[in-house]
Amino acid sequence: VQLQASGGGLVQAGGSLRLSCAASGSIFTINPMGWYRQAPGKQRELVAVITSDGSTNYATSVKGRATISRVDNKIDLQMSGLRPEDTAVYYCYLDQGFRGTIWGLGTQVTVSS
């Protein structure tokens, strides 16, 4: 199983961006998928997660500014009203339950003030 993420980059404060992540390989569509992020000197934190039935959960810090969506095994994270504190490496993940978690390579998001 592999995760391919895309969409990071440099954005001005107040701007928007979309992160995408596609899973390939032998996976179950019932597995939750989502995004974590890690800023320099900080612990990795959950940004958003979506299950196969469309249930979502967001970090308090991005609620109202982020929307995660899913089609089969591809997820998108749309973020708006970006802030410098959103600067981090964003990691896509796939929760396989007892099989463990698959992580994608991180994609850098930098928000300039």
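1. Strands S1 and S3 run antiparallel and are joined by five bridges. Two strands pair if DSSP finds at least two bridges between them.

2. A word on the basis. This is a predicted model, in which local features need pLDDT of at least 70 and side-chain atom pairs count only at pLDDT 80 or more, while totals for chains, interfaces and linings use all residues. Residues are numbered from 1 along each chain as its sequence is written, and side-chain values use heavy atoms, with hydrogens and water left out.

3. The sheet. S1, S3, S8 and S7, in that order, form an open sheet of four strands with antiparallel pairing. Strand S1 (2-6) and strand S7 (66-71) are the edges, each pairing on one side only. From one strand to the next, the twist averages 15 degrees. Axes are lines fitted to C-alpha atoms, for helices over the stretch in contact; angles run from 0 to 180 degrees between N-to-C directions.

4. Salt bridges. The whole structure holds five. The criterion is a side-chain nitrogen of Lys or Arg within 4 Å of a carboxyl oxygen of Asp or Glu. One of them joins Asp76 and Arg18, at 3.6 Å from N to O. Asp76 sits in strand S8 (residues 74-79) and Arg18 in strand S3 (residues 17-24), so this pair ties together parts 58 residues apart in sequence.

5. Burial of that pair. Asp76 counts as buried, at 14% relative accessibility. Arg18 counts as partly exposed, at 43%. The cut-offs: buried is under 20% relative accessible area, exposed is over 50%, and partly exposed lies in between (1.4 Å probe, protein chains only).

6. Asp86 is another, at 2.9 Å from N to O. Arg37 lies in strand S4 (residues 33-38) and Asp86 in the loop between S8 and strand S9 (88-95), so the contact links parts 49 residues apart in sequence.

7. Is Arg37 buried or exposed? At 5% relative accessibility, Arg37 counts as buried. Asp86 is buried too. Glu45, at 33%, counts as partly exposed.

8. Salt bridges link Arg37, Glu45, Arg65 and Asp86 into a network.

How values were computed: Helix = DSSP H or I, 4+ residues; strand = E, 2+ residues; numbered from the N terminus.
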